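Please look at the sequence and the three-dimensional structure shown below, and keep both at hand while you read this report.

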Amino acid sequence: MEANSHSSKKMCPSYVGKVGAQLFGVVNKDGRVQFITPLTVTEEFIQQNDNLEQRFRFTGKCVEKGCAQWDNEESKCSLSKKVQNLEIIKNKELSFCPIRSQCRWFSQDGNDACFSCNEVTRNMEELLLNFEK
C-alpha cells in the first residue's frame, strides 16, 4: 500500500472495539496509550474483556462519510483537529505508531495529529461531542 494512497485505504485511529478490528494500543495505568503491533480482535477477546474502548485502542478502515466525525465540507475527519485542540499533555516528539503510514489523522494533519494521540481513548467521546470547533 502506498503511503499517500487514496483516502479509502486510510485507517481510523479511533475505531470501535469489535470482531475484525485491529487492536493497536493498550491503556497504561497512567491513562496513556502504549501502541503495539496490531492484532485482530476475536469474539473470544471481546468476551474476556470489559470496557474495551476505555482500556484499548482499535483501528479499522476509515469509513469516511459513514462516520459521524466525517466533515463532508472539507472531506476529512473532524476528530483529528478536536484531539489536537484538547488541553491535554502533548508529546514533543513522535512515539512508535504501527499505523502512522496508513492513519487518517496523520495523512490529514501530519505530525501534529500524533502528538496527543496516545492520550486518547474512545471514552473521551462525551468531551469531544461537547467540544466546539
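Predicted model: local features only at pLDDT ≥ 70, side-chain atom pairs only at ≥ 80, totals over all residues.

Residues are numbered from 1 along each chain as its sequence is written, and side-chain values use heavy atoms, with hydrogens and water left out.

Read along the sequence, the protein follows the pattern β-β-β-α-α-β-β-β-α-α-α, where helices (H or I, at least four residues) and strands (E, at least two) are DSSP runs numbered from the N terminus.

An open sheet of 4 strands is built in the order E1-E4-E2-E3 with antiparallel pairing, and two strands pair if DSSP finds at least two bridges between them. Because strands E1 and E3 stand at the edges with a single partner strand each, one side of each is left without a neighbour in the sheet.

| Strand | Residues |
|---|---|
| E1 | 11-15 |
| E3 | 33-40 |
| E4 | 56-61 |

E1 and E4 run antiparallel and are joined by 3 bridges, and the bridge partner of Tyr15 in E4 is Phe58.

In the loop between E4 and strand E5 (70-71) lies Glu64, which is buried with a relative accessible area of 18%, where buried means under 20% relative accessible area, exposed over 50% and partly exposed in between (1.4 Å probe, protein chains only). Buried residues make up 42% of the 133 residues in the protein.
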